[in-house]
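User: I would like to learn how to read a few features of a protein model. Can we work through them one at a time?

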Amino acid sequence: MTKPRYFPHYSSFSEQLSNQSRYSQTVRIGNRIECSGQGGWDDSGAIPTSLAAEFDQAFANVDACLRSAGAKGWSDVYRINLYTTHLSEAVEVWEPCVLKWLGPEHRPLLTAVGVAALALPGMRVEIEVVALTEDDQGRE
C-alpha cells in the first residue's frame, strides 16, 4: 500500500496557515492528489475586494498546490468542491475562471455549496480538489 506524502505549503502565506493550524495543503497517495480548501489570498495573505479576482487567485492557489505535489495543474483535476458565502454571485464569476484555468473541454465533477462563513475574515471563496496524475512518482 502506498503511503501518503504531505506537502505542507507552496508559498510563505500557505506555510503560515499550515503551521498555525497544523495541516498540509496537499497530500499525494500514489497518483491521487487532494488539496485542502484554497482561498483567494495572495502571498501576503490579502484577499482581493473583487469577487472575480478572489476566484482567480483561488484557482491560482489550487494550481500551485497541485504542482507542489507533482501534478500538471488543473488538467489533472477530476473533482471540485466549491464553498462560497456568495453563491448566486459566484455563478457569474465561475465560468471565466473555469475557461481560463481548465479550458473549454475539461469538465470535472463539481459540488458548489453556499456557506455562512469561511476560515479567514473577508474570505468568500474556498476551493478543494481531487486530481489523478499519469504516474505515482510526484515531487519529493
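User: How far is the sulfur of Cys 97 from the closest cysteine sulfur, and in which residue is that sulfur?

Analyst: Bear in mind that this model is predicted. A disulfide needs two cysteine sulfur atoms within 2.5 Å. The sulfur of Cys 97 is 16 Å from the closest cysteine sulfur, that of Cys 65, so the pair is too far for a bond. Cys 97 is buried, at 5% relative accessible area.

User: What is the closest cysteine sulfur to that of Cys 35?

Analyst: That partner is in Cys 65, at 4.4 Å, which is too far for a bond. Cys 35 is buried, with a relative accessible area of 5%. Searching the whole structure gives 0 disulfides.

User: Now charged pairs. How many salt bridges does the structure hold?

Analyst: Start with the general idea. Opposite charges on side chains can pair when the charged atoms come close. Here the structure has 5 salt bridges. One of them joins the side chains of Arg 124 and Glu 54, at 2.5 Å from N to O. Arg 124 sits in the loop between β5 and β6, and Glu 54 in helix α2, so the pair ties together parts 70 residues apart in sequence.

User: Are Arg 124 and Glu 54 buried or exposed?

Analyst: Arg 124 is buried, with a relative accessible area of 15%. Glu 54 is buried too, at 0%.

User: Where do Arg 67 and Asp 63 lie?

Analyst: Both are in helix α2, 4 residues apart, about one turn of the helix. Arg 67 is partly exposed at 45% relative accessible area, while Asp 63 is buried at 10%.

User: Which parts of the chain does the pair of Glu 134 and Lys 72 link?

Analyst: The side chains of Glu 134 and Lys 72 form a salt bridge of 3.1 Å, N to O. The pair links distant parts: Glu 134 in the segment after β6 and Lys 72 in the loop between α2 and β4, 62 residues apart. Glu 134 counts as exposed, at 73% relative accessibility. Lys 72 is partly exposed, at 45%.

User: Last, pockets. What is the volume of the largest pocket, and which element gives the largest share of its lining?

Analyst: Read the volume, then the lining. The largest pocket has about 180 Å³. Helix α3 supplies the largest share of the lining, 4 residues. Lining residues include Trp 94, Glu 95, His 106 and Arg 107. By class, the lining divides into 8 nonpolar, 2 polar and 2 charged residues.

Methods. Residues are numbered from 1 along each chain as its sequence is written. This is a predicted model: local features need pLDDT of at least 70, side-chain atom pairs count only at pLDDT 80 or more; totals for chains, interfaces and linings use all residues. Side-chain values use heavy atoms; hydrogens and water are left out. Buried means under 20% relative accessible area, exposed over 50%, partly exposed in between (1.4 Å probe, protein chains only). On a 1 Å grid over the protein atoms alone, a cavity is a set of points where a 1.4 Å probe fits but cannot get out, and a pocket is an open set with protein on both sides within 12 Å along at least five of seven lines; lining residues have an atom within 4 Å of a point. Grid points are joined across faces, edges and corners, and a volume is the space filled by probe spheres set on the points. Helices (H or I, at least four residues) and strands (E, at least two) are DSSP runs, numbered from the N terminus. Ala, Val, Leu, Ile, Met, Phe, Trp, Tyr, Cys and Pro count as nonpolar, Asp, Glu, Lys and Arg as charged, and the others, Gly among them, as polar. A salt bridge is a side-chain nitrogen of Lys or Arg within 4 Å of a carboxyl oxygen of Asp or Glu.
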